[in-house]
Amino acid sequence: MLIGQGTKFGAKCFYTTREPMQTIVFDDLTQYGFKLACRQNGLNEEHCVVILQKLAKFHAASMVLLEKDPSSKEHFQTGMLDETYIRTNERFVDFMSLQLRTLAELAATWEGYEDIAEKLHRHCDNLTENLVRTGKPKEGEITVLNHGDFWVNNFMFKYKAGDNQIPMDAIFVDFQNSFFGSPGCDINFFLNSSVQLDVLMNRRDFLIECYFHTLCDSLKGMKYSKIPSLKDIRHEITSRELYGFFSSYSFLPMVAMTKEDSADTNLETLADKEFARKKVKIMFTSNPRTANTLKFVLKRFDKLGIFD
């Protein structure tokens, strides 16, 4: 690695080292025309297409990297739902349990969701093991480098000149939870946390096909031989529906919360159990998008049998 000692006139000396160095590089992406979308509203179809096409290119590049350098997998083994982290972090499991119990109690008040509410409580009764199962690698799965925290505030968009509605590009940020695993993890996490309800209900298959076609084109362009089929990708997504369920109860309520309701929410305030209990109830009711989306996805998850 080439290391420079800089001055305001440039680098004045260089030396080489084989030792890795932890480095944080800051850049203002707004100067390149990138900006955040509205987390409360979620992403419309045009934004989703840009994101999933970019994700497909990222996943494809990681597949080629892994083929050329299998040891790269060793550096990205622990994501958000790493088993060791889950089993040793009581605070994380407690907060996830609080969110899921709150959802179960809310669902019990919705007509026609009484049985689902009971299933949610049973899922929560064994939440540690269910979280481990959600993140656990599966034999024979397609392996890509997952972003690992794939929700709307970790993307920035660039728009066509003079039009702030039509995105032409996107960039991803915040990679500290990246891990090698099924592409179904990133895709399900995104679909259940960051997508507008009408898009999720009516354009889900189309978005998956957009991802698939870009993945294939990217892999072909890089001369990769083991190109998956659309059936293979659908299988990866279906096999990781639990990841989407986790995203729906743990992230969606926080993502969609209004600015007013989220102003005093941070790691410090949430450490207070009484504050957290009250705030989580607000999370699920702050934005109508949250309840409307959860009503749709819970019926879908129940039909798929993931609570059984």
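Reader: How many disulfides does the count come to?

Author: A disulfide is a pair of cysteine sulfur atoms within 2.5 Å. By this rule the count is 0 disulfides. Cys48 is in none, for the nearest cysteine sulfur, that of Cys210, is 9.9 Å away. The model is predicted: local features need pLDDT of at least 70, and side-chain atom pairs count only at pLDDT 80 or more, while totals for chains, interfaces and linings use all residues. Residues are numbered from 1 along each chain as its sequence is written, and side-chain values use heavy atoms, leaving out hydrogens and water.

Reader: Is Cys48 buried or exposed?

Author: Buried means under 20% relative accessible area, exposed over 50%, and partly exposed in between (1.4 Å probe, protein chains only). Cys48 is buried, at 0%, and Cys210 also counts as buried, at 10%.

Reader: How many aromatic pairs are found in the whole structure?

Author: Rings of Phe, Tyr and Trp (its six-membered ring) pair if their centres lie within 6.5 Å; planes under 30 degrees apart count as stacked, over 60 as edge-to-face and the rest as tilted. The search finds 21 aromatic pairs. In one of them, the ring centres of Trp110 and Tyr113 are 5.4 Å apart and the planes stand at 80°, so this pair is edge-to-face. Both Trp110 and Tyr113 are buried.

Reader: Which residue lies over the face of Tyr113?

Author: A charge sits over a ring if NZ of Lys or CZ of Arg is within 6 Å of the ring centre and within 35 degrees of the ring normal. Lys299 lies over Tyr113, 4.6 Å from the ring centre.
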